[in-house]
Amino acid sequence: MMEKKIGFHEYKIFVTELVNIYDSYLSVRGDYNDGINIVLLDKKIKNIVDNIFYVAIAGEVKAGKSTFINSLLREEILPADVLQATSSIIEVFYSKRPFLKITYASGRVEEIEEESKEIFKERLKEVAAIPDEYRDIPTSVLDQWLLDHGEVPEVNDEFIHYLEAKSNLDNLSSQIDKIRSYLQKRNLDNITTRIELGYPFRIGLENVRFLDMPGVNAVGGVYDIAFSYLDMANAILFIHPIKPVESESFKNFVSTIIPKKNKDMVFQVLTHAVVYFEEKDRLLNEARRIYANLIPPNRIFAVDSILKLIHEDLIRGKKLEDIKRDKAKRKWVAFVLDLADELGIPPEKAFLEFSGFKELLPALENFLIEAPILELRNIAQTIHTGYEELERMLNEHLSLLLVRQKDLEKFEEEVKQRIDGYKKLQTEAYFILEEAEINFKGLNSPFERALQEFKSKYQELIVNSRNLEELRKHYRDAEDELDEIIGKSLSTISGFFQEKLKVLGESLNKEYKLTIPKIDFAILEESTKKKLKEKEEKDALGRAWSFLLPWRWLKLKEIFKFKKESASTLEKKLIQELKGTAITQISNVLDKIRDEIFKALDYYKGQVKQMLKEKEAQIERLRVEIKTAEALELEILQTEKKLTMIQREKERLNRFLENLNVV
Ligand SMILES: Nc1nc2c(ncn2[C@@H]2O[C@H](COP(=O)(O)OP(=O)(O)OP(=O)(O)O)[C@@H](O)[C@H]2O)c(=O)[nH]1
Ligand SMILES: [Mg+2]
């Protein structure tokens, strides 16, 4: 759909323009009811303006995630090292005021403000990195235990057995002292739950939050929280060294960790490209071929973060000999300069050129704004609909005013005609409401059938799940499919009303010159959907979901009692239990959703009744209002002026939509 690549810069210009368009619309519209739900439209505009894009940077331990973010952000601010590993998720984003905010499990918040980047980096190293001596024990499992139980466990055989089962590590009994010493040091007051780093980065990505994730195969697995972050991400960049290009962890990541609906958000970024400079193109092509069934080729990139950082150093006027003092860079400075010379590329351009970021960045920006651009288009179209409705209303009003000015008798006649039309409208609308009731509430309604089908499909999938991963995936897919069903049902309902009202409107207009106002169904649909979604998350699904988190399985006390059994027996027992819960939860959620859809139907019905009332009042007003000739003339002039303004604004909107359409 996108022909020209546009980025955040252009996107921001579109947003500003739309906000202007919206402000004019509000003032032109005044108190007229054009059927547009202004409260919701307002919310949409706010969302667009405050929209934050989350970009999750995932990958194996030491893949180069932190270095990659640093090079994107043009600051060496996240600790990156051959030794120290990132163990907590760090949110990094643009902020005029530099600050580092650390939230601990105890609720304590530590904030460091207005400090230099070195101080932030040091503090991050202290709180977000696993000390070297503990790298071979499952620290994240231990932390999770402390988070869940709030007390230090007794480190005995049982506990070691538990750790081994959870982390897939063997021989932890030889590490008993280390585990004890680690647990001694950890408590809720030094386990971090959130780390936010705001800094005045020299980039135009003010609305983006980068998430530096711990390695996916970090010892002992991933924290619960990592999954929530992956779920809310707008793009997920999986970082992997370019060699070896074949990666089990990437396949695993895409097929078991990422829920279906987020699969289209994954990029693969192959790092360390300069190290294999000669083979880079071949390796990139190979990756595109190997992963063809997982990810489209235009979402795989080869980059070198170190080269990008050297490029940034040069831009800041750092001298080559100073850059070379950095061990990670030294080798590559000479290498690239040599290569640039050989290929006849100016040395100041070479580092960026070979870094691969020139290709990656525009692609990422373009991808991130694709969805919001659609939203801009929707909003613009809604405003356009509003204007058309206003135009219709004002034209009708104007024509009546003109008749009244010329011929009072004819005016009375026309008003009478409309009142007859209104009576007819009332009866017809009543039939429409009746029909809606039968269509959408019956046992045989398509909506009810979809719910029943959904139920049996997922019951079967859940019963047949062979392990926790499968169970988790089915459950997550069920949530997404439910979204689809809700969406479809709502649009069927609004489609029904829209069509009926359109047909009715046309016949009334012909016979009685009566125009009936439009109802903004699209925007209603979305708000109902959102409402349902929030409910869902807060209610049963949300709770069931955290209950299902597989890496929490041994937390269940009654299951922990069977500690003498093998891990696989335990897992089987747990799966049985979870399956039962999942099925009950799905049933409960379906009942709730049915209720909500019925409420939505009632809401639509309310809107139709409201429209009838307004129309009645409008005609009544027209009839009883006595106007002097001057007042009449003034009103005619004002109405004409308003119509010209609408014309101009509509043209502006059309230009806006045209410009959007070329991107
Ligand atoms: N040449 C080269 N070296 C890189 C590149 N990316 C990372 N490195 C080096 O690889 C090492 C690990 O990089 P990090 O950024 O710490 O990796 P990480 O994925 O954040 O590691 P953890 O947080 O520990 O899991 C560092 O020594 C980096 O200098 C790259 O693109 N090219
Ligand atoms: Mg890191």
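Is Phe 656 buried or exposed, and what is its relative accessible area?

Modeller: This is a predicted model, and what follows is computed from it. Phe 656 has a relative accessible area of 3%; because the limit for buried is under 20%, Phe 656 counts as buried.

The residue lies in helix α23. Leaving aside neighbours within four places in sequence, Phe 656 is in contact with Phe 14, Glu 17, Leu 18, Ile 21, Leu 376 and Ala 380. With one of these, Phe 14, the separation in sequence is 642 residues, while the C-alpha atoms are 8.1 Å apart in space.

The whole structure holds 22 aromatic pairs. Among them is the edge-to-face pair of Phe 14 and Phe 656, with 5.8 Å from centre to centre and 85 degrees between the planes. This pair links distant parts of the chain, since Phe 14 belongs to helix α1 (residues 8-29) and Phe 656 to helix α23 (residues 629-662). Phe 14 is buried, as is Phe 656.

Another edge-to-face pair is formed by Phe 440 and Phe 496, with ring centres 5.5 Å apart and planes at 85 degrees. Phe 440 sits in helix α16 (residues 408-441) and Phe 496 in helix α18 (residues 468-512), so this pair ties together parts that are 56 residues apart in sequence. Phe 440 has a relative accessible area of 10% and is therefore buried. Phe 496, at 11% relative accessibility, counts as buried too.

Ring pairs join Phe 238, Phe 250, Phe 253 and Tyr 291 into a cluster. Some rings have a charged group over them: the charged end of Arg 108 is 4.1 Å from the centre of the Tyr 104 ring and sits over that ring. Arg 299 lies over the face of Phe 267, with 5.8 Å to the ring centre.

Helix α16, which carries Phe 440, also packs against a helix. Its partner is helix α15 (residues 357-406), at an angle of about 145 degrees and with the axes 6 Å apart. On the α15 side the contact is made by Glu 396, Leu 400, Val 403, Arg 404 and Lys 406. On the α16 side the residues are Leu 408, Lys 410, Phe 411, Glu 414 and Arg 418. By class, this contact has 4 nonpolar and 6 charged residues, and no polar ones.

Conventions:
Residues are numbered from 1 along each chain as its sequence is written. Chains are lettered from A and ligands numbered from 1 in the order in which they are written. This is a predicted model: local features need pLDDT of at least 70, side-chain atom pairs count only at pLDDT 80 or more; totals for chains, interfaces and linings use all residues. Side-chain values use heavy atoms; hydrogens and water are left out. Rings of Phe, Tyr and Trp (its six-membered ring) pair if their centres lie within 6.5 Å; planes under 30 degrees apart count as stacked, over 60 as edge-to-face and the rest as tilted. Helices (H or I, at least four residues) and strands (E, at least two) are DSSP runs, numbered from the N terminus. Buried means under 20% relative accessible area, exposed over 50%, partly exposed in between (1.4 Å probe, protein chains only). A charge sits over a ring if NZ of Lys or CZ of Arg is within 6 Å of the ring centre and within 35 degrees of the ring normal. Contact means heavy atoms within 4.5 Å. Axes are lines fitted to C-alpha atoms, for helices over the stretch in contact, and angles run from 0 to 180 degrees between N-to-C directions. Ala, Val, Leu, Ile, Met, Phe, Trp, Tyr, Cys and Pro count as nonpolar, Asp, Glu, Lys and Arg as charged, and the others, Gly among them, as polar.
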